[in-house]
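Reader: I am new to reading protein models. Could you walk me through a few features, one at a time?

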Amino acid sequence: MLKDKLADVFNEPDCATNQAKSAADKKKGCAIKGLQPGAAAGGCAFDGAKIALQPVVDVAHLVHGPIACEGNAWDNRHSGSSGPQLYRMGFTTDLTELDVIHGGEKKLWKAIKEIIAKYDPPAVFVYQTCVPALIGDDVKKVCMVATEKLGIPVIPVDAPGFVGSKNLGNKLAGETLLDYVIGTAEPDPDDIRPTDINLIGEYNLVGELGQIIPLLDELGIRIRAGITGDARYRDLTMCHRASVNMLLCGQAMINVARKMQERWGIPYFEGSFYGIEDTSAALRNMAALCVQQGAAPDLIERTDALIAREEARCWDRIRPHADRLKGRKVLLYTGGHKTWSVVSALHEMGMEVVRTSVRKATETDKAKALDLMEGNEDALVQAIPNPEMYRMLREGEADIMLSGGRTQFVALKARTAWLDINQERLYAYAGYDGMVELVKRMDLAVNNPVWAQVRAPAPWEVSP
Amino acid sequence: MNAAVLTPRKAASVNPLKSSAPLGAAMAYLGMAECQPLFHGSQGCTAFAMVLMVRHFREAIPVQTTAMNEISTILGGMDHVEQALVTIATRAKPKLIGICSTGLTETRGEDVGPELKILKARNPELADVGVVFAATPDYAGGLQEGWAIAVTALIEAFVPAEKLPTDRDQITILASSALTPGDIDELRDITEAFGLSAIVLPDLSGSLDGHVPDAYQGTSYGGTTLEDMRRLGASAATLAFGASLRRPAEVLEARTGVPSRVLDLPLGLEAADALIVALTEISGRPVPNRLRRQRSQVVDALLDSHFYYGGKSVALAAEPDLLLPWARLFAGLGAELPVVISTVNTPELAAVPAASVTVGDLEDLEHGAAEARCDLLVTHAHGRQASARLGIPLYRMGFPMFDRVGNQHRVSVGYRGTRDRVFEVANLFLESLDHEHEGEDGHAGSHTAPG
Ligand code: SF4
């Protein structure tokens, strides 16, 4: 079963990474790539599935496995909720040695029952992990029986860590939604509008949706469901009645967008809310597709007007910072679509991007990045080994590094400014407001007087 | 009166209190000099453990994985182990690679230990690298158990089984996972006050104490060296802090003949006294004046603070090594402990000064605290949700502590550590006292005149 799913996901025709691969590479799928023992980094498929589904805020997320999978990881993300908080609780079967010997299915069934009795969620998502997968616990069967007997959807998320990377887990999470959730309920027919959209691959990190929703509200565009940012289970079941899908975050959930188009004829476009230009382009595309789906044509003019106003307002707020950031050098170390979506934003500030890492970026991402870097191939790099990164920063080749938590201390120990732009970040950077926030944070980081103090040698180290 | 230990039969652990055993083992390895911990398992376990340690210590955490997948697990993962060792040895050039297994590889039942010799023999890259293996399945125990297993493995691998001429001024300290780098520094200071020098195993104070080295290093920065390990047999005594270290202490004593004592974490007046008594006996020297003064400061702290602890009801959750001294500290100041939660069942739990101890999770803490209308929650950072829901203040201690900075320097041991922690908690009680009065009569601040 899982094997078929994996094959299906690997063959995703709209996935640019797949298109670029040779037939032999395709056979290998995206599971094994980059996993060299002793030199591997990154989360497992379960991690990816959890990232993609945990933002469903009103359900219980139950992890079937020993303590490692949930005990070390619960409540560790900043996806926000505008209401329910159940998603932040950590539920796990915490398998013991005896469970491993006798099989964990019974315990899982009991755990599901307990959780429903105590917390009354609209649904339970059950995550399979390595150990129960290895001993052959049939999570699907338990979920099926539970759904039947307990009268509440209990949904198996079959993405045990060892099948592959985080990215694969994202996709398997998408398949889970397609198989068990999306399209399982119908909205009131009067409550379907051509201006209803879904945001696919948006996780409401640090409440970023709050920076986007006011714009959409003003245009009369409604989010049927975030997939899965700030999502309620019920909204997801009915989100197949949206008119337009916007696909964020690169390829992570492209299977959802494509299959929703196939099954329910919902057109989708790819876009990003990072950066001024990107936000405006996303709004324009969104409006155009809504009109194509039957929305009143004046939506386009209204969108243009909103964009003009917001861009001007945004620039007004950014300008004071831009003066202080102009000419400063940035090392951008992220990957995927941020490879380019953030570059354009930084260029808007007059900053110089000395390098951008194109790890996990598709050919399209790379082309976009190269274009933005004016064809300078040297500026596009793969992974930078930590010692080299440390050297670059210590020797002042960049004034600030934007990256994820993993490399935070390489920058800090090199006494260089650092800003988190990955999932553990503390501030929201989406839309026009988010851009102002990002610029403000960069300004605060790079111009903080602390750098002079921490770079100065101790008095006894100064040669007379 | 002995505390009754309750082990409820819950199928779902809700809001886990426990971190995993391999994480504990890896953390112990990080207390070794120039070490690279290696998880034998699938990559996700390593990533989660690393992220959690990064968030707690706010340091780069150099951990690696053998990157097992479904097929290699079924076929056996020795070639993954071999490849990982060689890759790490060539890239990071560590002095030591500490392997811990995970639930995945233990489920298949792979015994890596005996094979290490063969791997070392056929790979010249590994000639100068120490390699050690700890069996730490995720499904048995938690952080402190994994840590202790790694400490035992280190002793068995690197401490020669022979008696060395005794150096009367040297002692060995076996450190529990419950000690912070700051705690270890404090223990070393106290030891030195008696003219003794301590070799600490594992020693997080050199590696995860948050300092800024002058060059990039891909392994742990400091910590116990293999050279130190070879000298443990010359110590006059071994002091193990935390009952979880009973087994490593026994193994060390059996190998070297150095007499060992297992003490509680020296947090609280009596526990700190026990440490001082032990050091007096080992060194044969009187208690230095500095420490006498410090003891008197603890007595004063207890006097000043007991008003605010008396009659308070506290809900406490931690691993046993940490649970016991904190429970005694609260009980010793007149607070009640209607809710006490442990990660695992150990013989020491019976000594907790409470009616019962539950082996459970933070849901048990939350429900218990609500029912008993507790005044304070005491646990690690994950208690924050319960605290917010119940409106009961949280005093953070233990691992993980991901929403506070400076964790590595928090000292809770010895007289100074005890004094500071007693005051800190008293101030929390004082603060809620202020809030209560604020609610009652609207005169906020009338009790907070600077004193
Ligand atoms: S790799 Fe497997 S065992 Fe490890 S965290 Fe991921 S799912 Fe859990």
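Reader: Which residues make the nonpolar surface patch of about 350 Å²?

Author: First, some background: this is a predicted model, in which local features need pLDDT of at least 70, side-chain atom pairs count only at pLDDT 80 or more, and totals for chains, interfaces and linings use all residues. Residues are numbered from 1 along each chain as its sequence is written, chains are lettered from A and ligands numbered from 1 in the order in which they are written, and side-chain values use heavy atoms, leaving out hydrogens and water.

Author: Patches are made of residues with over 30% relative accessible area and no salt bridge, with like charges joined within 9 Å and nonpolar side chains (Val, Leu, Ile, Met, Phe, Trp, Tyr) within 5 Å. A salt bridge is a side-chain nitrogen of Lys or Arg within 4 Å of a carboxyl oxygen of Asp or Glu. Accessible areas come from the Shrake-Rupley method with a 1.4 Å probe, and for residues only the protein chains shown count as cover. Here, the patch is made by B:Ile71, B:Ile74 and B:Leu75.

Reader: Is B:Ile71 buried or exposed?

Author: Buried means under 20% relative accessible area, exposed over 50%, and partly exposed in between (1.4 Å probe, protein chains only). B:Ile71 has 59%, so it is exposed. It lies in helix 3 (residues 70-75) of chain B; helices (H or I, at least four residues) and strands (E, at least two) are DSSP runs, numbered from the N terminus.

Reader: How many residues of helix 10 of chain A are buried?

Author: 12 of its 16 residues are buried, so helix 10 of chain A is largely enclosed by the rest of the structure. Among them are A:Leu168, A:Gly169 and A:Val181. After this helix comes A:Gly183, with a positive phi near 85°.

Reader: Where is the cis peptide bond with omega near -15°?

Author: That bond runs from B:Leu201 to B:Pro202. B:Pro202 sits in the loop between strand 8 (197-201) and helix 9 (204-207) of chain B. Another cis bond joins B:Phe399 and B:Pro400, with omega about 0°.
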